[in-house]
Amino acid sequence: MAIEKSTWTTKAGLAQMLKGGVIMDVIDVEQAKIAEDAGAVAVMALERVPADIRKQGGVARMSDPDLIVRIKESVTIPVMAKARIGHFVEAQILESLGIDYIDESEVLTPADNEFHIDKHRYKIPFVNGCKNLGEALRRITEGAAMLRTKGEAGTGDVAVAVFHARTVLGEIRRLQSMSEDELYSAAKNLQAPYELVKQVAQAGRLPVVNFAAGGIATPADAALMMQIGVDGVFVGSGIFKSGNPSVRAKAIVQATTHYQDAHIIAEVSKNIGEAMVGINISSLPQEQLLANRGW
Amino acid sequence: MIVGILALQGAFREHEEMLTRMGVPCLQVRLPRDLAKVDRLIMPGGESTTIGKLLVMYDLIEPIRQRVLAGMPIWGTCAGAILLSSKIIDGKADQPSLNLMDIESRRNAFGSQLDSFEADVTVAGLDAPFHTVFIRAPILEKPHGECHAIATLPDGRVVAARQGHMLATSFHPELTLDDRIHRFFLNL
């Protein structure tokens, strides 16, 4: 019997198993355990959450492999970690650690201002950020097996997450209404391969799972993104920068499952402590926006 | 006949699409009241710790157990198979289970995501091997009593088991276009 490892189906398939779930940023073993206990489907292991990266400035890089390994050993759920955009050696290192997914992330300082990582070369699957459909399809072409709309990480302001998710989903709906000859022009404008554009137009959705990220801070935010039409949510600073991380994490997990049930969302939103303070995105200067990284 | 699909988390949409292609009516189950409307139940792949917690929080464990003990057919794929087993190995210490099938499931038995794989599996009762995918998959150990293996890997590890009207597969038929195991379940 032939056994084939690290195929496209196994890579994209793990993301399919994460659907309807919450992936939480954690900076140590203790937080990883809190996340798992709260019902996270995976954890993102990193040294600093985006809110701190934003505050402290400087170059943000891949986390210490020792920290990532300790977090991996402390939980039974999948572990993800971030590599800088284009930093294919950070990706090689993360793959060697035997974690489950790499996030080629705009939250870290990009290492290459022109090229993303050629993700087909890896056995480990990658998740990438996107602001629009063209960016989403270019990442899939490079080998991303999962996407997340970028939002604006570390702000606690959901507005950009909403904008990016609506943009991607709206562009898919427009493709569905196009005739075949219009799709050629659409592919040109999206700067994405025609075959992939055609596939999305026919299926009415992306060929990989798409989560929302960047600014989700409350159970209502998570349910909002789910109702808009994403497959699940990443919560970064929103949990461990809040007043009561454990309670908030559990509430966000429940709101993500029962995203269509306002009674349940109301119930889980009660008495969950202070949300992260957050930054109103419209007060941020352009050069501080992380979502603009990636091409 | 309406097939319920447990929709707390995971790959429930894939099962729904398969059943829809087959022309079988189905319904997403998130709360005990949904359970009353279905005649069979599929528990999909996903994260067994997450699904287990939500089963407990929304008081679904006993209602599902009672329905199955009263004869409702049930099928768990991957995480769903873990939740059906009487014992979970390498799980979280307090990980909940429905404790319905006389089998032990070992979580992430093949290793991390890098060890996820595709393979052809011979399943008892199917005319030809079933090409399928194992993702951070469990193996099913020590079937006993009424429970018996219906598919094993060449090294003997059990990846599918049946106990009367209960079915557990550690792989994902819903990620293929092959509907033979779905048909097998609908005939239980």
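How many bridges join β7(A) to strand β8 (residues 209-212) of chain A, and do the two run parallel or antiparallel? There are 4 bridges, and the strands run parallel.

1. Basis. This is a predicted model, in which local features need pLDDT of at least 70, side-chain atom pairs count only at pLDDT 80 or more, and totals for chains, interfaces and linings use all residues. Residues are numbered from 1 along each chain as its sequence is written, chains are lettered from A and ligands numbered from 1 in the order in which they are written, and side-chain values use heavy atoms, with hydrogens and water left out.

2. Strand β7(A). This strand covers residues 146-149 of chain A. Helices (H or I, at least four residues) and strands (E, at least two) are DSSP runs, numbered from the N terminus. A:Met146 and A:Arg148 point one way, A:Leu147 and A:Thr149 the other. All are buried, that is, under 20% relative accessible area (1.4 Å probe, protein chains only).

3. Pairing with β8(A). Strands pair if DSSP finds at least two bridges between them. A:Leu147 has A:Asn210 as its bridge partner, and A:Thr149 stands opposite A:Ala212. β8(A) is covered on both faces: A:Val209 and A:Phe211 lie on one side, A:Asn210 and A:Ala212 on the other, and all are buried.

4. Pairing with β6(A). Strand β6 (residues 126-130) of chain A runs parallel to β7(A), joined by 4 bridges. A:Val127 is partnered by A:Met146. Between β6(A) and β7(A) the chain passes through helix α6 (residues 133-142) of chain A, in a right-handed β-α-β crossover. Right-handed here means that, with the strands pointing away from the viewer, the path from the first strand over the helix to the second runs clockwise.

5. Helix packing. The axes of α10 (residues 219-228) and α12 (residues 245-257), both of chain A, come within 8 Å and cross at roughly 25°. Axes are lines fitted to C-alpha atoms, for helices over the stretch in contact, with angles from 0 to 180 degrees between N-to-C directions. The two helices are therefore roughly parallel (angles under 35 degrees). Contact (heavy atoms within 4.5 Å) involves residues including A:Ala222 and A:Met226 of α10(A) and A:Ala251 and A:Ile252 of α12(A).

6. Three strands form an open antiparallel sheet in the order β1(A)-β7(B)-β8(B). β1 (3-5) of chain A and β8 (130-134) of chain B stand at the edges with a single partner strand each, so one side of each lacks a neighbour in the sheet. The twist averages 25° from one strand to the next. β1(A) pairs with strand β7 (residues 117-121) of chain B over 3 bridges, and A:Glu4 stands opposite B:Glu118.

How values were computed:
Buried means under 20% relative accessible area, exposed over 50%, partly exposed in between (1.4 Å probe, protein chains only). Angles under 35 degrees count as roughly parallel, over 145 as roughly antiparallel, 65 to 115 as roughly perpendicular and the rest as oblique.
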